[in-house]
Amino acid sequence: MATAALILAIVALLIAYLAVRRAGALDERLSRANSNYMELRAELSETRAKLDARLVDLRVDLQRQAGKLRFEPGMTIAEALALHPRVGEVLARFQLTGCSDCAISDVDTLAGACQSYGLDQNALMAALAELAEPAAAAVKPINILEKRVNL
């Protein structure tokens, strides 16, 4: 009887040893899968950010082509911020850094901000106009109907 119990204990230990080894291998596979998942998630996040930025650029280009990308002194700061994603950078150059979070950005105009803070309105409007008409946008498209091709 003692021999049978000893054999049974040895078999149980062997099964436990194999189970621990299998669990270790599964844990390693799970770690690799989790690592791959995190890498893919980071890549997806990066790709989404690039696509979002590209979408903003395309919307700005579409507004520019339609002639709707214009900054006027009478527009509110909130309207200007909504018109182009880089307006906040321009305002920051003129020490108007809190405009995107400011409660009066919905009522204060660009002209009003210049007057309130003693800023050069012409310089601010020129800087905003550069967003609306960058040098690259000034390149005229080629009219292919005017070109002749000699074959």
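Me: Helices (H or I, at least four residues) and strands (E, at least two) are DSSP runs, numbered from the N terminus. How many helices and strands does the protein chain have?

Reply: The protein chain has five helices and zero strands. Along the sequence, the pattern reads α-α-α-α-α.

Me: Where does the model come from, and how are residues numbered?

Reply: The model is predicted, so local features need pLDDT of at least 70 and side-chain atom pairs count only at pLDDT 80 or more, while totals for chains, interfaces and linings use all residues. Residues are numbered from 1 along each chain as its sequence is written, and side-chain values use heavy atoms, with hydrogens and water left out.

Me: What is the mean pLDDT of the protein chain?

Reply: The mean is 83, and 83% of the residues reach 70 or more. (pLDDT is the predictor's confidence in each residue, from 0 to 100.) Over residues 136–140 the pLDDT is below 50. Beyond near neighbours in sequence, that stretch has one contact (heavy atoms within 4.5 Å) in the model.

Me: Switching to α4. Which of its residues are buried?

Reply: Leu110, Gly112, Ala113 and Cys114. Buried means under 20% relative accessible area, exposed over 50%, and partly exposed in between (1.4 Å probe, protein chains only).

Me: What do they pack against?

Reply: The buried residues of α4 pack against α2 (77–83), α3 (87–93) and α5 (121–132).

Me: And Ala111, what does it touch?

Reply: Leaving out residues up to four places away in sequence, Ala111 touches Pro73 and Gln121. Ala111 sits in helix α4 (residues 110–117) and counts as partly exposed, at 22% relative accessibility. Gln121 is ten residues from Ala111 in sequence and 6.5 Å away, C-alpha to C-alpha.

Me: What follows α4?

Reply: Gly118, with a positive phi near 65°.

Me: What is the accessible surface of the protein chain?

Reply: About 12,100 Å², with 59% belonging to carbon and sulfur atoms. (Areas come from the Shrake-Rupley method with a 1.4 Å probe; for residues, only the protein chains shown count as cover.) Buried residues make up 19% of the 151 residues.
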